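Me: I have a structure to go through with you. Can you take my questions as they come?

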Amino acid sequence: MRIAVTKNDTLLDFALWRPAAPDMVGSIYHGRIEALTPGMGGAFVALTPQLSGFLPLQSNAPKLNEGQAVRVEVSRAAQGGKGLRLRLLAEDGPLDQKGLITPGPTPLVRLAALWPSTTLVVDSPAAAAHIPPTLRERREQGFTPYPDSIAAACDALEDPVVPLPGGMEATITPTPALIAIDMDAPPAQTGRPKQTAQFAANRDALPTLMRQIRLRNLSGAILIDPAGLATRKRQALLEPVNAALKPDPLNPRCLGVTALGLIEIVRARIYPSLPELLSSPHGRALQVLKHILAHAPHTKRICGGAGIIRALEQDPQALSDCAHQLGHALSLHTNLALPDFTWTVQD
């Protein structure tokens with residue numbers, strides 16, 4: 001499900017909500033220390049028989065022993081090839097209960113808290129059924145489809161190329177270590193000196209770019225290469241960068257301009273970014289179902305490599321929802337001769 005915060009047909013905030021694959025941030029567990037790792041500065045905690053997370057420990061943290069029961073909260077979702085990050089909670093009563101104690105807030109609950117004056121509008125009974133009791137009084141009655149402009153803005157978030165004011169554009173390239181953003185501009189035709197025009201173009205484009213960083217939840221280290229501006233002139237962009245970052249609830253920080261002239265930003269890595277959600281095995285599986293609903297509604301059989309079929313099997317709710325909308329069942333068939341994430345559909 002797509003959650004969009006809008007005002008006057010403008011997209012202000014966005015999240016993907018996948019109930020079958022929660023990010024688990026904010027979830028509280030009774031776990032057990034399964035391994036102390038002094039060299040990594042922490043410990044691995046078994047949360048359930050199939051799930052564990054890493055607990056960083058400060059020098060002043062209480063002494064822990066392998067096998068000890070602990071109460072922990074998930075502070076960062078699994079992402080970037082790394083598992084859950086945890087934080088230690090004070091003991092509150094006996095630790096005889098195991099596993100999940102309190103689930104973390106859903107993306108809907110988080111956005112509703114960030115935008116407390118908003119009204120909830122849903123486009124289907126299936127979406128309405130997922131609204132928790134605490135938010136139902138904020139729901140507008142009936143069902144309203146996404147406005148075309150908002151649907152287009154949500155779709156555009158999947159494109160790595162971002163149109164910016166003044167004919168500029170930015171290309172976003174996620175890497176395992178950082179997010180690289182290259183700004184590009186058409187030749188200046190304002191009659192002003194070239195560097196003056198390029199500075200103004202970059203300055204005016206930065207608020208839109210910072211909003212895209214938030215909408216896509218780009219996190220960790222972010223390096224931005226402004227367009228056509230001499231390195232010595234780029235320091236002057238720090239003030240508009242900091243101003244554009246202020247509305248972001250994750251409080252990102254601009255660290256300055258590197259020796260290569262790149263604007264360096266760090267944004268808390270708590271939830272998976274939109275590019276990671278879309279490129280993950282689960283995201284690619286959901287893209288298959290999205291394609292079937294939009295372009296191949298007569299599909300009854302999905303044939304694919306082991307990776308895509310495994311990812312589809314791990315979300316039976318999505319398969320069931322898709323089959324319900326199609327009006328017939330879908331069968332899955334693994335073809336080991338196909339690459340992991342290659343697939344075809346058959347009537």
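Me: Which residues of helix H3 (residues 148–156) are buried?
Reply: Ile-150, Ala-151 and Cys-154 are the buried residues of H3. Seen down the helix axis they fall within an arc of 100°, so they line one face of H3. That arc is taken from the directions from the helix axis to the C-beta atoms. Buried means under 20% relative accessible area, exposed means over 50%, and partly exposed lies in between, with a 1.4 Å probe and protein chains only.

Me: Before we go on, what am I looking at, and how are residues numbered?
Reply: This is a predicted model: local features need pLDDT of at least 70, side-chain atom pairs count only at pLDDT 80 or more, and totals for chains, interfaces and linings use all residues. Residues are numbered from 1 along each chain as its sequence is written, and side-chain values use heavy atoms, with hydrogens and water left out.

Me: Back to H3. What covers its buried residues?
Reply: The cover includes strands E1 and E2. Contact here means heavy atoms within 4.5 Å.

Me: How do E1 and E2 pair?
Reply: E1 (residues 2–7) and E2 pair in the antiparallel sense, over six bridges. Two strands pair if DSSP finds at least two bridges between them. Val-5 stands opposite Asp-13 in E2.

Me: Is E2 mostly covered or mostly open?
Reply: Mostly covered. E2 spans residues 10–16, and five of its seven residues are buried.

Me: And what sits between the two strands?
Reply: E1 and E2 form a hairpin with two residues between them. Asn-8 is in that loop. Its phi is near 50°, a positive value in a residue other than glycine.

Me: Is Asn-8 buried or exposed?
Reply: Exposed. Asn-8 has a relative accessible area of 70%.

Me: Which other Asn has a positive phi?
Reply: Asn-217, with a phi of about 50°. Asn-217 is found in the loop between H4 and strand E12 (220–225).

Me: Buried or exposed, that one?
Reply: Asn-217 counts as buried, at 13% relative accessibility.

Me: Let's switch to helix H5. Which residues are buried there?
Reply: H5 covers residues 238–245, and its buried residues are Leu-238, Pro-240, Val-241, Ala-244 and Leu-245. Seen down the axis of H5 they fall within an arc of 165°, so they line one face of the helix.

Me: What do the buried residues of H5 pack against?
Reply: They pack against helix H4 (194–215), strand E13 (253–257) and strand E14 (263–267).

Me: New topic: E9 and E10. How many bridges join them?
Reply: Three. E9 (residues 161–163) and E10 (residues 169–174) run antiparallel. Pro-163 has Glu-169 in E10 as its bridge partner.

Me: What about the turn there?
Reply: E9 and E10 form a hairpin with five residues between them. Gly-166 in the turn has a positive phi of about 75°.

Me: Which way does E10 pair with E11, parallel or antiparallel?
Reply: Antiparallel, over six bridges, with E11 at residues 179–184. Thr-173 stands opposite Ala-180 in E11. This hairpin has four residues between its strands.

Me: Where is Pro-105?
Reply: Pro-105 is in the loop between strand E8 (99–102) and helix H1 (107–114). At 36% relative accessibility, Pro-105 counts as partly exposed.

Me: What does Pro-105 touch?
Reply: Val-25, Gly-26 and Arg-110, not counting residues up to four places away in sequence.

Me: How far is Pro-105 from Phe-341?
Reply: Their C-alpha atoms are separated by 31 Å, and the two residues are 236 apart along the chain.

Me: Now zoom out. How many helices and strands are there?
Reply: Nine helices and 17 strands. These are DSSP runs numbered from the N terminus: helices are H or I with at least four residues, strands are E with at least two.

Me: What are the overall dimensions, and how much is buried?
Reply: The C-alpha trace spans about 70 × 60 × 50 Å along its principal axes. Of the 347 residues, 39% count as buried.
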